[in-house]
Amino acid sequence: MPLPPVRRRAAVFAAVVALAGAALALPAAAETTSHAIAEFGEPKYGPDFTHFDYVDPDAPKGGSVVLTGARQSFDSLNPIPLRGEYAVNIGLAGMSLMTESQDEVGVYYGALAESATWADDLSSITFALNPQARFADGEPVTADDVVWSFEQVREHGRPFLQAFFDDVTAATAIDDRQVRFDFATTGRMQPLTRVAGILPIEPRHWWEAEESRDIAGGNLEPPPWPGPYRIVDVDPGRRIVYERKDGWWGADLPAYRGQFNFDRIEYDYYRDRDVAFEAFAAGEYDYRREFSSRIWARAYDFDAANDGRVRRREVEEIDYQGMYGYFMNTRRPPFDDVRARRALTYLYPFEWVQANVMYGAYTRVDSYFPGSEYAATGLPEGEELAVLEGYRDSLPESVFTEPFALPENPQSRVSRENRRAALRLLAEAGYEIRDGTLVDVETGDPVEFTILMRSAQLEPHTQAWARNLEQVGIDARLRLVDSAQYQALLDDFDYDVTMVAFTFFPPPGPELRNRFACATAGQPGSANLLGVCDPVVDDLADRIVESEALETKQVLTRALDRVLLSGWYVVPAWYNEVAWIAHWDKFAWPDHDLPLRDFGLPNSVGFQPSWWVDPDKAAALEAAR
C-alpha cells in the first residue's frame, strides 16, 4: 500500500539524509584536505568525479529562455545589505567558494575554491582558491576578495545573512590563493559548510574603483561577478537579462558540467499574478512554477495547453518547506498573549478553504519543519521527552500530554465548539464582547488589526478568516501593498499580521537564532518576524547549533518544534509536496531521474539548470505559433 503524502515525503527525506550518513566523522589526522566538504558522513562523489549524476555532461549549449521573477519587483542588484529589494536570481552571475549538490544533504564541492583543509577539531578551515577563478572583467579571484567580502557581510549584511556566520571569529588571507576562517566553536562542521556554500564573494577592486559604488546600499550597476552569466540589461522592477559568458573559466568544473546551458536568460517581472499567468498563456515567457491551486486546476484550458505546445508536470521534490501561515506580531496586542493567538487560530476555517478555494490540493502545515525528520509528531518520547523534561517547569503541560492538533473547521463559518473555545480563550486573555465588538476589559479599546499582504491571490483564503473574526467582534482588515513596501514594513516590524513562508536549511543551524531568539526580537531587519522571546527557545536553538551529531540535531529540533507550536505564534496555512511546473515545449533534460532536492533552486535560478533548449522542438514551436 503506498505511503500517504506526508509519510512518503518524510521517507524520501530520510533516504537523502542516509546518503550523508547519520553522524559526524571527525578527521583522524591533524587536518584533512578534500575536494568536498560534508557536514555529515562522506561525500557521494569522490575526488575524480566528472559531473553530478542528475545532469547530462554533454548537454548542448545555446538558445534562450524567458522566465518570470520570483518576486513582483526589484530595485537593487546588491544582495548583501538590508536596504533595497534585490533581484533574487542574481545567483546566475555569482558564485560561492563551494557549491551544493542536489542529491545529498549538506555536501559542497569545489567552485571558486578547488579544495578545503580543516583542522581535526573543526576550529578552522582553509580554502585553496582555483587558480583559474576569474571575475567577469578578467581579474583573478583572490583571498583578499574573500576576506573583504566576509568583512562587508559582517559590517553591512542583512541580519539573516549575518546569522550564518555568527561563529566565525576571523578571516585571514594567507596568500593570494589561500584564505583561512577561524571559528569560536569546535567539533561542528556546520559553521564550516555555511562559509563554504553561503558567503557571497564580491570583487573588491570593482567596488572600490568608484566612490559612487556603495556595497552598504542599493546598486543597479552589475558587478563583474565570477559566475557563468553576466547581466547585460537591467530595467528595475520590470526586466533583467543574462548572457552566458563565452569561455567561462568554470564551465568544466565537475560541479558545473552539464548545467547552465542557455546562452540567454531573461526574467520579466509582473506585479499581478493573474496578469503574469495570462502572459505565460500568450507565450510571453517559457516556464512557470505554479503556486496557485486555482490556476493549476482551472486555468490551463487554453489552446496551447490543450494541443500540447504547453506541457505540465508534477515533480516530487524535497525543498525543506518550513512554517507558512499568518504570522502574528507578538510585539503588539492582542498577539502578545498566547491565549489570544490560540483563539485566533480556532477561527480559521482551513478545511473549508482547502475544499472550496484550493481544490483540495494542499496539506496543512502542522510543524515548523513539516514532512521532515525534524518535525514533531505524536507525543514526545525517548530522547526527545528527556530533553523536554529539562524544561518542564517552563512549558505548558499540554506539551507532554496532548499531541499538537489544529482545530478543524469544514464549514465557512467555524463550528460552535471552536467559536466557544476561542471566546473562552479571549476571555482568559482579558477580552470580552460589548455591543458586538470585542474589547480589552481594562481599557475598553476595540480589538482590530490589519492583515498585511503583497498578493491579491491570497485574498479569498484570508477573507474567510476575516468573516469569522467579525463574528466574535474583531475588525480584521486586509491591506495589499507592493513587494518593496511589504519588505520595508517587515524589516521595521510594522505590521499586525502578515502571510510569511519560512524555509529551513537542513540541518537547522544559526538561522534559528535569527528567527526565534530574544536577541533578534528587537533587531530591525532580522527574521524574527514573530517577536519570539522565550528562554526555552533560546536554549534549544543554542543546543541545536552546538550539537555535533545529526541524530542529536533531529531530537533537539523536534523538541524546539513542540515548544514553538505551543506558543501559537502562527495561524498555519498549507504546503505542497510536489512542484507544479508548466513550460512551452522547447526544452529537453537528462534521461535519468531528476534530483530529489530543491527542484529549480540551485544558484537562485528558479529553473532547473540541467535543462537545455531542444532545437527541433523550438523550431516546431515557432512554426506553430
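Begin this tour by selecting Thr99, whose bridge partner is Tyr109 in strand β5. The model on display is predicted.

Strand β5 covers residues 107–110, and β4 pairs with β5 in the antiparallel sense over three bridges. Strands of a sheet pair through backbone hydrogen bonds, either parallel or antiparallel.

Next, display the sheet as a whole. Three strands form an open sheet in the order β2-β5-β4, and their pairing is antiparallel. Select β2 (36–38) and β4 (98–100): these strands stand at the edges and have a single partner strand each, so one side of each is left without a neighbour in the sheet. From one strand to the next, the twist averages 25 degrees.

Which helix packs on the sheet? Select residues 190–198, which make up helix α4. Helix α4 touches β2, β4 and β5, and its direction makes about 135 degrees with that of β2.

The largest nonpolar core comprises 105 residues. Select Tyr368, Phe449, Trp465, Phe516, Leu540 and Trp574, the members that touch the most other members of this core. Helix α19, residues 550–566, gives the most to this core, contributing eight residues.

Centre the view on Leu540. Leaving aside residues up to four places away in sequence, Leu540 touches Val387, Tyr391, Leu556, Ala559, Leu560 and Val563.

Finally, select Ala87, Leu97, Leu192 and Trp207. They are among the 85 residues of another core, which lies apart from the largest one.

Conventions: Residues numbered from 1 in each chain as written. Predicted model: local features only at pLDDT ≥ 70, side-chain atom pairs only at ≥ 80, totals over all residues. Heavy atoms only, no water. Core = buried A, V, L, I, M, F, W, Y, C linked by side-chain atoms within 4.5 Å. Buried < 20%, exposed > 50% of the residue type's maximum accessible area, 1.4 Å probe, protein only. Helix = DSSP H or I, 4+ residues; strand = E, 2+ residues; numbered from the N terminus. Contact = heavy atoms within 4.5 Å. Pairing = 2+ DSSP bridges. Axes fitted to C-alpha atoms, helices over the stretch in contact; angles between N-to-C directions.
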